[in-house]
Amino acid sequence: MNETNRLSSITPDERRKSLKRALEKKHSIRVMEAHSPLAALLVEQANYHDGKKNIEFDAFWSSSLTDSTVRGKPDIELLSLNSRMNSINDIFDVTTKPLILDGDTGGQIEHLPYHINAAEKLGISTIIIEDKTGLKKNSLFGTDVKQTQDDPVHFAQKISAAKQHQLTEDFMVIARVESLILNAGMKDAIDRALTYVEAGADGIMIHSRKKEPNEIIEFAKIFKQSAPDTPLVCVPTSFNNITFNELSDYGFNIIIYANHLLRASYPAMRNILSDILKYGRTQEIEDKCMPINEILNLIPGTK
């Protein structure tokens, strides 16, 4: 079997199952944003040896923010599900790792079962939907823009509808609680999380835009007392001084690095464009670019 076939030699069923298997094998998993097949290949191949073991990413995160941004569109649930699924399918063509889908608000309850089934059939392992309503705004805006949280009973019905209509036991529906983002308080966050677990949520994502991780640590301690076996998810974009191992020790099972590949690539491209205009040639920027031979070797089957 050649390298090209090896990379694509996984069925949708095998891929979908692999996230739950990773969670069963490890206490915590690392998930990295991938906004293109090339970005996903880099994630798939990334590894670091710490002297004792190899460390790698366990899954991809399909971010609505990066998917929108790479298309020059605002992050307001403007991209259709079909558009995002097509992009994920391109990623799946050249990779083997499982993928978690950022499902934004999940849309209308009546539409959600169709979205769930489409995701399952493609091989997506998990969808995360957030308990906000109205025009979606990025959570890191917090209360700087108008954002409205859904009624917890209504959102629980959305979770229940998703779980009732999924096709396989492998697929996970995770509820994202926005209470801390919107300054609704810790009690509201905990009450909502437990309500969503009771409605069938396979996990809880707690989000925060604070620079320090204190409030998500507090949430984890309280939540795990009532739901010790429910996977807990966080996205340490703002509170970026805490390590993966520390988050794992506090009880987080899925740690998502949600937008870093796109954020890293944008300034790199912008800066070399300016220098090419400045010098009228590319000699000065070659050391900032990936060598052509590495490009040729990156993609299996190119040679």
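Glu198 is found in helix H8, where helices (H or I, at least four residues) and strands (E, at least two) are DSSP runs numbered from the N terminus. At 73% relative accessibility, Glu198 counts as exposed; buried means under 20% relative accessible area, exposed over 50%, and partly exposed in between, with a 1.4 Å probe and protein chains only.

The model is predicted: local features need pLDDT of at least 70, side-chain atom pairs count only at pLDDT 80 or more, and totals for chains, interfaces and linings use all residues. Residues are numbered from 1 along each chain as its sequence is written, and side-chain values use heavy atoms, with hydrogens and water left out.

**Domains**

- The chain is divided into domain 1 (12-258) and domain 2 (260-302), with bounds that come from an automatic or database domain assignment.
- Taken over C-alpha atoms, the centres of domain 1 and domain 2 are 31 Å apart.
- Domain 1 supplies 15 residues to the contact and domain 2 supplies six residues, where contact means heavy atoms within 4.5 Å.
- About 850 Å² is buried between domain 1 and domain 2, 76% of it on carbon and sulfur atoms; buried area is the accessible area (1.4 Å probe) that two parts lose on being put together, summed over both.

**Aromatic rings and charges**

- Rings of Phe, Tyr and Trp (its six-membered ring) pair if their centres lie within 6.5 Å; planes under 30 degrees apart count as stacked, over 60 as edge-to-face and the rest as tilted.
- By this rule there are three aromatic pairs.
- One of them joins Phe57 and Tyr257, which are edge-to-face at 6.4 Å centre to centre with 75 degrees between the planes.
- Phe57 lies in the loop between strand S3 (54-55) and strand S4 (59-62) and Tyr257 in strand S12 (residues 254-257), so this pair ties together parts that are 200 residues apart in sequence.
- The charged end of Arg15 sits over the ring of Phe92, 3.8 Å from the ring centre; a charge sits over a ring if NZ of Lys or CZ of Arg is within 6 Å of the ring centre and within 35 degrees of the ring normal.
- Arg30 has its charged end over the ring of Phe244, at 3.7 Å from the centre of that ring.

**Cysteines**

- The structure holds zero disulfides, a disulfide being a pair of cysteine sulfur atoms within 2.5 Å.
- Cys234 is buried at 0% relative accessibility, whereas Cys289 is partly exposed with a relative accessible area of 27%.

**Backbone with positive phi**

- Most residues other than glycine have a negative phi.
- Glu77 is not a glycine, yet has a positive phi of about 60 degrees.
- Glu77 is located in the loop between helix H4 (64-69) and helix H5 (81-93) and is partly exposed, at 30% relative accessible area.
- Asn183, also not a glycine, has a positive phi of about 60 degrees.
- The loop between strand S9 (172-177) and helix H8 (186-198) holds Asn183, which is exposed with a relative accessible area of 52%.

- Leu232 is in strand S11 (residues 232-234) and is buried, with a relative accessible area of 0%.
- Leaving aside neighbours within four places in sequence, Leu232 has contacts that include Ile204, Phe219, Phe223, Phe252 and Ile254.
- Leu232 and Asp202 are 30 residues apart in sequence, and their C-alpha atoms are 9.3 Å apart in space.
- Glu284 lies in the loop between helix H11 (260-279) and helix H12 (292-298) and is partly exposed, with a relative accessible area of 24%.
- From Glu284 to Gly72 the C-alpha distance is 29 Å, and the two are 212 residues apart in sequence.
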